[in-house]
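Hi,

Here's the structure I promised to pass on. Have a look at it first, and then read my notes below.

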Amino acid sequence: MIENKHKPDKLTGVKGMNDILPCDVGLWRFLENAIKSILHAYGYRNIRTPILEYTSLFRRSIGEVTDIVTKEMYSFVDSLNGQQLTMRPENTAAVVRAAIEHNLLYDGPKRLWYIGPMFRHERPQRGRYRQFHQVGVEALGFAGPDVDAEIILMCQRLWSDLGLTGIRLELNSLGHKHERAAHRDQLITYLEKYIELLDNDSKHRLYTNPLRVLDTKNPALQDIAANAPKIIDFLGEESLGHFKGVQSLLSANNVSFTINPRLVRGLDYYNMTVFEWVTDRLGAQGSVGGGGRYDPLIKQLGGKPALACGWALGIERILELLREDNPVPSDDGCDVYIVYQGDVAHSRAFVMAEQLRDTGLDVVLHCSTDNTSVSLRSQMRFADVSGAMYAVIIGDDEVRQDEVSIKLLRSDRTITNADRIQQRVPTKCLAEFLTNLIAAKTKKY
Ligand code: HAM
């Protein structure tokens, strides 16, 4: 067993799996809120599936010869019962599994969404991690092309709400199974002519998954891939009609796109419409998100046949773009930090903190770090770094007068000098006074 072989004495996180620290949470929450408001606006409902699934689920859905299944899954045998388990590398398969298991489509189609960590054993680099997060939607039981266009529009709305630019949409259609089979034969015949020039990966894929040769990143193979037979030329009337339908709905809603005949996606369950949101701003990891139709999957996994489509976006990649574009919003501190001097003030502060929380305010009460009493001045330093909006101060004088002092802590540019002045209020009026102040500030900023 190899455990942290580089630094045996030092405990660290697992390579490619990142901590999200409190200072980063503000941006995560900002993005999550923006995403959730769009998901609700389109009537999607949240589904939460486990991180662990039986390995066979991913083998049967993503495909036995895909990179994810052959090289990237965190799979292990449960030592207690010998079951073969996998930490989910994506969530479409699990959502479909759950929909079948709980008969979710019994009363009609469903629009579902999820957010959470996924796991792929890839080489970590900027924008590519071993634990990463996806938000995804799965529209189960819809025939489209209106739903294909709807889910794409949701992403477009997200980019626009976030003010993100430089993300373009690439579209393709993979048609039906028989159309892909006809294309595959010609593709293999074409690629065989260049077999000497193909790299090992492409040679390996030639007979197992030749479509994937088309999205090779190897610069030496770009011409070969560009001139290969295109799937779109093998589509029949119905597939072409569906694809045109998606395109005209997108155009009617001012969504720009390019058709990329080499877009095939890295998971085997797709058919018909496939798409990817791509940017040049993230180096090698250009794909911000992607998805498409996977009409055969529900039946393939044992469910009553139902058509489906969806997408997943890489949260870390969107965050990278946001960090470049905008000042990072800090995670909101609480409303009030209470500091006090002496035993009477301490017990009064404890009761006061509970009373303020009863009124809905978020309150931190100063607690000692080493059981010695600390001056008000040093407590105020803790209050400052806490991110709280106000400090409530209970010193000797305040105890005598049954009052408290209130001081604004946040150095917001819009705060006037009058706001900064420390104010004294009777203890019994504190809750009302603070609630009014904070309501006014929320309105103002
Ligand atoms: P995918 O293209 O494999 O599709 O992943 C979607 C997005 O997840 C990628 O575009 C990328 O932004 C992000 N992503 C993937 N791998 C990593 C990684 N190692 N580190 C950081 N981000 C990553 C799917 O997963 C499908 N389930 C999408 C779907 C849903 N299709 C239909 N419904």
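Let's start with a quick one: does arginine 357 count as buried, partly exposed or exposed? Arginine 357 has 34% relative accessibility, so it counts as partly exposed. Keep in mind as you read on that this is a predicted model.

Arginine 357 has a partner, too: its side chain meets that of glutamate 354 in a salt bridge, 2.7 Å from N to O. Both residues sit in helix H12 (residues 343-358), three residues apart, which is about one turn of the helix.

A search of the whole structure turns up 24 of them. One is between glutamate 276 and arginine 265, with the closest N and O atoms 2.8 Å apart. That pair links distant parts of the chain: glutamate 276 is in strand E9 (residues 271-279), while arginine 265 is in the loop between strand E8 (258-259) and E9. Both of these residues are buried.

Another joins glutamate 398 to arginine 424, at 3.8 Å between the closest N and O atoms. Here glutamate 398 belongs to helix H14 (residues 396-401) and arginine 424 to strand E16 (residues 423-426), 26 residues apart. Glutamate 398 is buried at 7% relative accessible area, but arginine 424 is partly exposed at 37%.

There's also a network of salt bridges linking Asp67, Lys71, Arg205, Arg212 and Asp215. Lysine 71 is in helix H3 (residues 67-72), and it touches His121 and Asp201.

Arginine 317 is a curious one. It's buried yet has no salt bridge, and the nearest side chain of opposite charge, glutamate 122, is 5.6 Å away. The contacts of arginine 317 include Gly127, Arg128 and Leu282. You'll find arginine 317 in helix H11 (residues 315-325). Eight of the 11 residues of H11 are buried, so that helix is largely enclosed by the rest of the structure.

Zooming out, the domain assignment gives domain 1 (22-175 + 235-325) and domain 2 (336-437). Their centres are 47 Å apart, taken over C-alpha atoms.

Phenylalanine 76 is in strand E3 (residues 74-77).

Cheers

Notes. Residues numbered from 1 in each chain as written. Predicted model: local features only at pLDDT ≥ 70, side-chain atom pairs only at ≥ 80, totals over all residues. Heavy atoms only, no water. Helix = DSSP H or I, 4+ residues; strand = E, 2+ residues; numbered from the N terminus. Buried < 20%, exposed > 50% of the residue type's maximum accessible area, 1.4 Å probe, protein only. Lys, Arg positive; Asp, Glu negative; His and termini not counted. Salt bridge = Lys/Arg side-chain N within 4 Å of Asp/Glu carboxyl O. Contact = heavy atoms within 4.5 Å. Domains from an automatic or database assignment. Lists of a residue's contacts leave out its neighbours within four places in sequence.
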